[in-house]
Amino acid sequence: MTLSIQPEEQRSVTVRAPAKINLHLGVGRPTSDGFHPLDTVFQAVGLYDDVRASDGDGSVTVETASYLPLGVLPDHADNIVSHAARLLAATAAEGTELPPADLLVEKRIPVAGGMAGGSADAAATLVALDRLWDLDTSDEVLLDLGGRLGSDVPFSLLGGTAHGTGRGELLQALPDGHTWWWVVVPSPEGLSTPSVYRRFDEMFPDAPESPASSHAVLSALSSRVPDRLAAALHNDLEAPALDLRPELGDLIARGEADGALRGMVSGSGPTVVFLCENGDHARALADGLQDDDLPVVLVANGPVSGAHVL
Ligand SMILES: C[C@@](CO)(OP(=O)(O)O)[C@H](O)COP(=O)(O)OP(=O)(O)OC[C@H]1O[C@@H](n2ccc(N)nc2=O)[C@H](O)[C@@H]1O
Ligand SMILES: Nc1ncnc2c1ncn2[C@@H]1O[C@H](COP(=O)(O)OP(=O)(O)O)[C@@H](O)[C@H]1O
């Protein structure tokens, strides 16, 4: 009789996490820790990064969708997914076996685009490794770890629609049964979030301590009327982003002239998003905008789920 020893099957978990748009982004004067107090309404939209965690030797691989420009991404040790892996591992009880895991990131969310792509990857990594390592970490602890990785990471875990305060990491989920349609126009070159906040400080040295309230967006969301949401959209980082990238103003004007209900910069930019009446309207607007100068124009709707296992 011959005994054959089968190699153990390689286990893997794939988690998908969404991009976000800030429907309202009120920014106050920075506090002593250098962060700006926010009053924001996040909406998760159907543009996703996937992270696959599998038994391996601890490698990190990033594959970028062909439509994305080759943005500069930090290598292994500094990639936010490695930070997430180390932070989660540090919470495991002493003696828990944590076999080395390979992480494969499939990026479709624009890099440094104001859509929280890095945060999506961090959130997806926390969920994927929690499952691969059988840690059964509570949602509360995952949200806390997320907030330590970046202000937007808790929302990438939660998804849907949520009101954010603090630095954006304190969340209250909001009911939103309507589907909102967007045209998303990424820029060929990213914009650094800290530089946009710095330009905000230069342009608005007398910004109020308390950020502008999001009540108009909250009431527009409950009305489910796209024209009302269009009128209520608000982004205090739009002026500094346009100051750094004036050509984005021309793009917003063009989309609005072509029939968008409203165009605006997403978060700190430079991605521009256009709110549309419905799916047909969004697809028609995207077709009209796409040309040699704007080769990548996407359609997405929201709200969608936060980081979830596939
Ligand atoms: C502007 C927003 C709006 O949702 O999103 P993006 O446009 O980057 O996607 C967020 O506030 C970005 O959140 P996130 O990208 O997670 O920021 P973090 O890693 O926490 O911080 C990066 C840097 O941004 C600045 N920062 C961030 C959040 C905040 N409330 N005040 C700040 O001043 C700080 O300079 C900080 O060092
Ligand atoms: N996996 C990752 N994906 C994207 N960016 C990352 C990642 N890891 C680290 N980063 C760094 O985080 C910065 C912000 O990226 P991102 O989250 O895509 O943009 P934004 O903050 O504008 O939403 C990037 O410029 C990059 O240097």
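**Entry 1: H1 against H3**

I looked up how helix H1 (residues 80-91) packs on helix H3 (residues 139-149) in this predicted model. The angle between H1 and H3 is about 135 degrees, and their axes are 10 Å apart. That makes H1 oblique to H3, since angles over 145 would count as roughly antiparallel. I noted the crossing of H1 and H3 as right-handed.

**Entry 2: residues in that contact**

Next I listed which residues of H1 meet H3. From H1 I have Ile80, His83, Ala84, Leu87, Leu88 and Thr91. On the H3 side, Val141, Leu145, Arg148 and Leu149 take part. Sorted by class, the contact of H1 with H3 has seven nonpolar residues, two polar and one charged.

**Entry 3: ligand 2**

I then asked which of the 20 residues around ligand 2 come nearest. They are Ile80, Ala112, Gly117, Gly118 and Asp121. At least two residues of the shell come from H1, and at least two from helix H2 (117-132). H2 gives the largest share, four residues. By class, I recorded nine nonpolar, ten polar and one charged residues in the shell around ligand 2.

**Entry 4: the annotated span**

Last, I checked the record for this region. An unreviewed UniProt entry carries the annotation "domain: GHMP kinase N-terminal" over residues 79-160. In the model, the end C-alpha atoms of residues 79-160 lie 26 Å apart. I have that span down as 55% helix and 9% strand.

Note on methods
Residues numbered from 1 in each chain as written. Chains lettered and ligands numbered in written order. Predicted model: local features only at pLDDT ≥ 70, side-chain atom pairs only at ≥ 80, totals over all residues. Axes fitted to C-alpha atoms, helices over the stretch in contact; angles between N-to-C directions. Parallel < 35°, antiparallel > 145°, perpendicular 65-115°, else oblique. Left-handed = near helix turned anticlockwise from the far one by under 90°. Contact = placed C-beta atoms within 7 Å. Nonpolar A, V, L, I, M, F, W, Y, C, P; charged D, E, K, R; others polar. Near = placed C-beta within 6 Å. UniProt positions renumbered as here; feature names shortened; annotations may be inferred.
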